[in-house]
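User: I would like to go through the terms applied to this model and check what each one rests on.

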Amino acid sequence: MSSTATTLAPELAVSEWFNTPAPLTLAGLRGRPVLLHTFQLLCPGCVAESIPQVQRIERVFGSTDLQVIGIHTVFEHHAAMTPVTLKAFLHEYRIRHPVGVDRADPASDTPLTMQRFALRGTPSSVLIGRDGTILHHVFGVEDDIAVGARIAMALSAPAPHALRASASTDEQGCAGGRCEVAAGGQSTD
């Protein structure tokens with residue numbers, strides 16, 4: 001169900017962003033731990049288990065520099081899960097962290113970020129360390145205590161020396177280790 005690797009996380013392939021004033025990149029977030037969670041709005045496990053867990057993580061680790069990013073990765077029911085539907089879903093479920101729409105691959109039903117991270121389905125999550133390496137990769141939902149322990153370990157790692165100076169503000173509209181939600185909860189793009 002899960003794996004641990006020490007490889008650099010591939011870059012995200014996102015066609016549209018919600019809940020962020022500017023597009024995010026993993027390279028731009030280097031120096032901060034990132035919890036990437038992938039979901040589909042019609043996935044029962046995502047709605048019942050994964051999204052509530054991510055919201056608990058945000059409450060517990062909200063005062064840290066952990067960056068939570070959702071990726072809506074659609075590999076089935078494409079016509080039903082449009083960005084318009086996703087926008088309503090994010091509002092109804094009060095999802096405030098940045099969410100990107102996984103870029104479609106014209107040659108496959110599997111979108112690009114899902115391919116790059118070799119995701120098996122949704123929900124999946126990837127914990128990325130301050131240095132940009134994948135610390136943990138899992139398909140499904142793990143116990144809160146295990147996820148919390150991994151996040152705490154990622155947070156306790158020192159920031160890479162070269163990145164400490166730029167940690168207060170970056171080019172993506174993030175300051176103080178957090179990417180703020182634009183007015184109205186939508187991207188300003």
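User: In the hairpin of strand 6 and strand 7, which residue takes a positive phi?

Analyst: Gly132 does, with a phi near 90°; the hairpin has five residues between the strands. This is a predicted model, in which local features need pLDDT of at least 70 and side-chain atom pairs count only at pLDDT 80 or more, while totals for chains, interfaces and linings use all residues. Residues are numbered from 1 along each chain as its sequence is written, and side-chain values use heavy atoms, with hydrogens and water left out.

User: What makes strand 6 and strand 7 a pair, and how many bridges join them?

Analyst: Strands are DSSP runs (E, at least two residues; helices are H or I, at least four), numbered from the N terminus. Two strands pair if DSSP finds at least two bridges between them. Five bridges join strand 6 to strand 7 (residues 134-139), and the two run antiparallel, so they count as a pair. Leu127 has His136 as its bridge partner in strand 7, and Ile128 stands opposite Ile134.

User: What joins strand 3 to strand 6?

Analyst: Five bridges join them, and they too run antiparallel. Ile128 of strand 6 is the bridge partner of Val34.

User: Why is strand 6 called largely enclosed?

Analyst: Buried means under 20% relative accessible area, exposed over 50% and partly exposed in between (1.4 Å probe, protein chains only). Five of the five residues of strand 6 are buried, so the rest of the structure largely encloses the strand. Ser124, Val126 and Ile128 point one way, Ser125 and Leu127 the other way, and all are buried.

User: Why is the pair of Phe39 and Phe89 called stacked?

Analyst: Rings of Phe, Tyr and Trp (its six-membered ring) pair if their centres lie within 6.5 Å; planes under 30 degrees apart count as stacked, over 60 as edge-to-face and the rest as tilted. The centres of the Phe39 and Phe89 rings are 6.1 Å apart and their planes are at 25°, so the pair is stacked. Phe39 lies in strand 3 and Phe89 in helix 2 (residues 83-92), 50 residues apart. The search of the whole structure finds two aromatic pairs, and ring pairs link Phe39, Phe89 and Tyr93 into a cluster.

User: Is Phe39 buried or exposed, and what is its relative accessible area?

Analyst: Phe39 has a relative accessible area of 0%, so it is buried. Phe89 is buried at 8%.

User: What makes a set of residues a nonpolar core, and how many residues has the largest?

Analyst: A nonpolar core is a set of buried Ala, Val, Leu, Ile, Met, Phe, Trp, Tyr and Cys residues joined through side-chain atoms within 4.5 Å. The largest has 17 residues, and those with the most contacts inside it are Leu12, Leu26, Leu36, Ile69, Phe117 and Val126. Strand 2 (14-18), strand 3 (34-39), strand 4 (67-72) and strand 6 (124-128) each give two or more residues to this core. Another core, of 12 residues, lies apart from it and includes Leu41, Cys46, Phe89 and Leu90.

User: Which residues is Ile69 in contact with, leaving aside its neighbours within four places in sequence?

Analyst: Contact means heavy atoms within 4.5 Å. Among the contacts of Ile69 are Leu12, Trp17, Leu24, Leu36, His37 and Pro98.

User: Where is Asn19 found?

Analyst: Asn19 is in the loop between strand 2 and strand 3. Its phi is near 65°, a positive value in a residue other than glycine. Most residues other than glycine have a negative phi, and most peptide bonds are trans. The relative accessible area of Asn19 is 3%, so Asn19 is buried.

User: Is Ala118 buried or exposed?

Analyst: Ala118 is exposed, because its relative accessible area of 55% is over 50%. Its phi is likewise positive, near 55°, and Ala118 sits in the loop between helix 3 and strand 6.

User: Which residues does a cis peptide bond join?

Analyst: Thr122 and Pro123 are joined by a cis bond, with omega about 0°. Pro123 is found in the loop between helix 3 (112-116) and strand 6.
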